[in-house]
Amino acid sequence: MEIKFDEIFYCNDVALLLCEMNADIEGLKEKLTNFGFYQQQFETLRTEKRKREFLAARIACNILANAEVEVVYDANNKPFLQNSSHTISISHAKNTLCVAMHAKHDVGVDIEYATPRMLSLQKRFCNANELAKYANNAKALLSIWCAKEALYKVIGSEAVDFSKQLEIVDINDIAGTIEAIHLVRNKKYTLTFAHSEGLCVVVAPQPPKGGVEATSTSGMFGSVKMLHNDSHKFESGFVGLTIPENNSVMLGSLSGSKLGVWVAHGEGKFSLPKAENAYNIIAKYTHADYPANPNGSDYNTAGICSAD
């Protein structure tokens, strides 16, 4: 990844825009062509710095989307576009802004400038394994901090404790990649990073190529894929299921039943390109629409099994 200012550049499929926030407030308001949507919120801001950040981030989102998009925040204060399926992430450092956007997958970006403060704080955001490898290495510590900030923006509250919930296992300066583990879920992530003139930019994660392929030694599942939820959010809630007639070991005896279950997932959408009768669907959400179908699964699918 090559860092560029004032033009769109790409990290895999993630579009990024990095810029300095030097324009005056009135000039930024003129550039934000849909300022009217934000005016009421803008008028609550007090400092010049916060006003510049607010306006510049929304201008950048419009540029990346090539449209007038509307930035709002969910219950966890995570930004999203209410009139677009694209996902976004926003980061500021000093007078620099970076916005990342992806057409489908969750994305997190963080930027930071090198500072001696990283050395004094390293024991607060690094665990013992990381300190054994990177203690007092200012550049590596900056990369670790940015990587964990970027992952937190993707994962959320289960990654808020940087030293206990996230671990950086490898920093490859040549490839520009960082390998990380979310210790809570034992899930691995690959991030992309670059340094330029004291600035570190980290993008998390590298988007999966076409979803997570379901596998079977007998090939029963064919082209089934598990994709990110249509809401582009981690979904957690109580939903109703209908159990169709089936011969599965687990749910066969419940055929014809209706029951409630708790779901919690970010990648729970079944992508089923074939006709419904091509699959052994053993559980279906009781309604097709969100939030009853929390992920947008084809045929309201909540579970499938192999033919045997």
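Ile111 lies in strand 7 (residues 108–113); helices (H or I, at least four residues) and strands (E, at least two) are DSSP runs numbered from the N terminus. The model is predicted, and local features need pLDDT of at least 70, side-chain atom pairs count only at pLDDT 80 or more, and totals for chains, interfaces and linings use all residues. Residues are numbered from 1 along each chain as its sequence is written, and side-chain values use heavy atoms, with hydrogens and water left out.

Ile111 is buried, with a relative accessible area of 0%; buried means under 20%, exposed over 50% and partly exposed in between, with a 1.4 Å probe and protein chains only. Beyond its neighbours within four places in sequence, Ile111 is in contact with residues including Leu18, His92, Cys146 and Val201, contact being heavy atoms within 4.5 Å. The C-alpha atom of Ile111 is separated by 36 Å from that of Asn293, 182 residues apart along the chain.

Two strands pair if DSSP finds at least two bridges between them; strand 14 (residues 235–242) and strand 17 (residues 280–285) are joined by two. Leu241 has Tyr285 of strand 17 as its bridge partner.

Asn66, with a positive phi near 55°, follows helix 3.
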